[in-house]
Structures are given as structure tokens and as C-alpha cells.
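Q: I would like to learn how to read a few local features of a model. Can we go through them one at a time?

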Amino acid sequence: MENKTNIVILVVVLAVYSLNQLVLKNLGIPFFNNYLNDLLAVPLFFALINSISLYRSNTQVTSLKYLTLITIFLSFLGEYIAIFLRPGSVSDWWDVVCYFIGMFVYYLITNIIVKPI
């Protein structure tokens with residue numbers, strides 16, 4: 001897979017995030033207020049890390065096994081460690097579900113939709 005796939009993912013995720021912040025959150029729909037950003041966070045993370053990795057060492061993480069392990073770690077950071085670092089934050093298992101849906105979407109895009117070269 002070429003790096004342009006990761007760049008496209010970055011641009012699309014940032015565009016959807018911006019749309020959410022400026023418009024969608026104002027619609028009063030709980031999904032946009034509470035979960036869309038969590039859904040976008042993991043694809044953004046992987047696209048950014050893999051873009052840098054491809055640029056520096058011509059490698060990237062796209063296997064389901066490693067994506068899953070990294071997402072478990074990110075979930076732990078975001079839902080457990082954050083409680084101690086950000087007063088007033090709470091853990092939400094739906095956030096974890098969104099992280100894994102985002103991971104699976106990234107996996108599908110990079111391994112199924114855009115055929116690896």
C-alpha cells in the first residue's frame with residue numbers, strides 16, 4: 001500500500017472531525033457528541049504513525065494482530081489512565097467499542113479495499 005492511502009485517511013478523518021466539531025455536535029444527537037471522535041481517533045492514529053513509518057523506514061503496521069494489540073493498549077490509555085490524568089473524566093465501554101470499530105475500518109481500508117502491493 002502506498003503512503004497516499006494513509007494521507008487520504010488522514011485528510012478524510014480530519015475533515016469529518018472538523019464537520020463534527022462545527023456542525024454535527026450542534027444537532028443534539030448523542031452519537032455525534034459522545035462517540036464520533038472516539039471512532040475517528042484510532043484510524044487517525046494508525047494513518048499518522050504508518051505515514052511516518054513508511055517515510056522513515058518503508059514499513060507499516062497493517063496486520064490485524066498488531067492493530068488489535070495496539071488498539072487494546074490505546075483503549076487502556078484512553079479509558080483507564082485518562083481517569084487519573086484528567087479530573088472529571090469517566091470510562092465508557094462504548095468508547096472502547098468505537099476504538100475497535102475504527103481499527104477495523106482502518107484494517108478494511110488498508111488490507112481489503114486498497115489492495116496491498
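A: We start at the end of a helix: α3 is followed by N58, whose phi is positive, near 60°. The model is predicted.

Q: Where does N58 lie?

A: N58 is in the loop that runs between α3 (36–57) and α4.

Q: Is N58 buried or exposed?

A: The relative accessible area of N58 is 64%, so this residue is exposed, the cut-off for that class being over 50%.

Q: How do I read the length of the helix before that loop?

A: Compare the end-to-end span with the expected one. From its first C-alpha to its last, α3 reaches 32 Å with 22 residues, close to the 32 Å expected at 1.5 Å a residue.

Q: Which residues of α3 are buried?

A: They are L36, D38, L40, V42, P43, F46, A47, N50, S51, S53 and L54.

Q: What covers the buried residues of α3?

A: The cover includes α1 (3–22), α2 (30–34), α4 and α5.

Q: How is a pair of aromatic rings described?

A: Two quantities are used, the distance of the centres and the angle of the planes. This structure holds six aromatic pairs. In the pair of F104 and Y107, the ring centres are 6.4 Å apart and the planes meet at 25°, so the pair is stacked; the cut-off for stacking is under 30 degrees.

Q: Which accessibility classes do F104 and Y107 have?

A: F104 has a relative accessible area of 40% and is therefore partly exposed. Y107 counts as buried because its relative accessibility is 18%, and buried means under 20%.

Q: Which residues do ring pairs link into a cluster?

A: The cluster consists of F45, F46 and Y106. F46 is also one of the buried residues of α3.

Q: Which residues make the nonpolar surface patch?

A: F73, F76, L77, Y80, I83, F84 and L85 make a patch of about 740 Å². One of them, L77, has its place in helix α4 (residues 64–85).

Conventions. Residues numbered from 1 in each chain as written. Predicted model: local features only at pLDDT ≥ 70, side-chain atom pairs only at ≥ 80, totals over all residues. Heavy atoms only, no water. Patch = residues over 30% accessible without salt bridge, like charges linked within 9 Å, V, L, I, M, F, W, Y side chains within 5 Å. Areas by Shrake-Rupley, 256 points an atom, 1.4 Å probe, with all protein chains shown as cover. Salt bridge = Lys/Arg side-chain N within 4 Å of Asp/Glu carboxyl O. Helix = DSSP H or I, 4+ residues; strand = E, 2+ residues; numbered from the N terminus. Phe/Tyr/Trp six-rings, centres within 6.5 Å; stacked < 30°, edge-to-face > 60°. Buried < 20%, exposed > 50% of the residue type's maximum accessible area, 1.4 Å probe, protein only. Expected span 1.5 Å × (residues − 1). Contact = heavy atoms within 4.5 Å.
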